[in-house]
Amino acid sequence: MLGIAAAVLFFVAFLINAAEISTNDVFTSTNVMLLGLMALALHVAGIGSGWSGRSSRRR
C-alpha cells in the first residue's frame, strides 16, 4: 500500500515540476518527492505490510 502511495507522490512531484505549477512552500516538488521517498522507505522496511484488505491467514 505504501509503495502505491510513493508512486503517486512521485508522479505528483513530477507533474508539479514538469508543468512548472506555482505552489506554496509546503507543496513544492521537492517536498512532495521527499514524502514519496519516506513512504517508499517505510514500504521497503515492511511497516505497511499489515494494511492489506485481504486476509493472509490459511484455513
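**Ground rules.** I work from a predicted model, where local features need pLDDT of at least 70, side-chain atom pairs count only at pLDDT 80 or more, and totals for chains, interfaces and linings use all residues. Residues are numbered from 1 along each chain as its sequence is written, and side-chain values use heavy atoms, with hydrogens and water left out.

**Whole protein.** I looked up the secondary structure and found two helices and zero strands. Both are DSSP runs numbered from the N terminus (helices: H or I, at least four residues; strands: E, at least two). Next I checked burial. Of the 59 residues, 15% count as buried. Buried means under 20% relative accessible area, exposed over 50%, and partly exposed in between (1.4 Å probe, protein chains only). I then looked up the accessible surface, which comes to about 5,000 Å². Carbon and sulfur atoms hold 63% of that surface. These areas come from the Shrake-Rupley method with a 1.4 Å probe; for residues, only the protein chains shown count as cover.

**Helix H1.** I traced H1 over residues 2-18, which makes 17 residues. From first C-alpha to last it reaches 24 Å, close to the expected 24 Å at 1.5 Å a residue. The expected span is 1.5 Å times one less than the number of residues. I listed the buried residues of H1: Leu2, Ala6, Ala13 and Ile16. They cover an arc of only 85° around the axis, which puts them on the same side of H1. The arc is taken from the directions from the helix axis to the C-beta atoms. Ile4 and Phe14 are exposed on the other side of H1. Just after H1, I noted glutamate 20 with a positive phi of about 55°.

**Helix H2.** I found H2 at residues 29-45. Its 17 residues should span 24 Å at 1.5 Å a residue, and its end C-alpha atoms are 24 Å apart, which agrees. Ser29, Val32, Gly36 and Ala39 are buried here. Down the axis of H2, its buried residues fall within an arc of 90°, so they line one face of the helix. The face turned away from them carries exposed Val44 and Ala45. Glycine 46 follows H2, with a positive phi near 85°.

**How the helices meet.** The buried residues of H1 pack against H2. Those of H2 pack against H1.

**Serine 29.** What does serine 29 touch beyond its neighbours within four places in sequence? I found contacts with Ala13, Ile16 and Asn17. Contact means heavy atoms within 4.5 Å. Serine 29 counts as buried because its relative accessibility is 19%.
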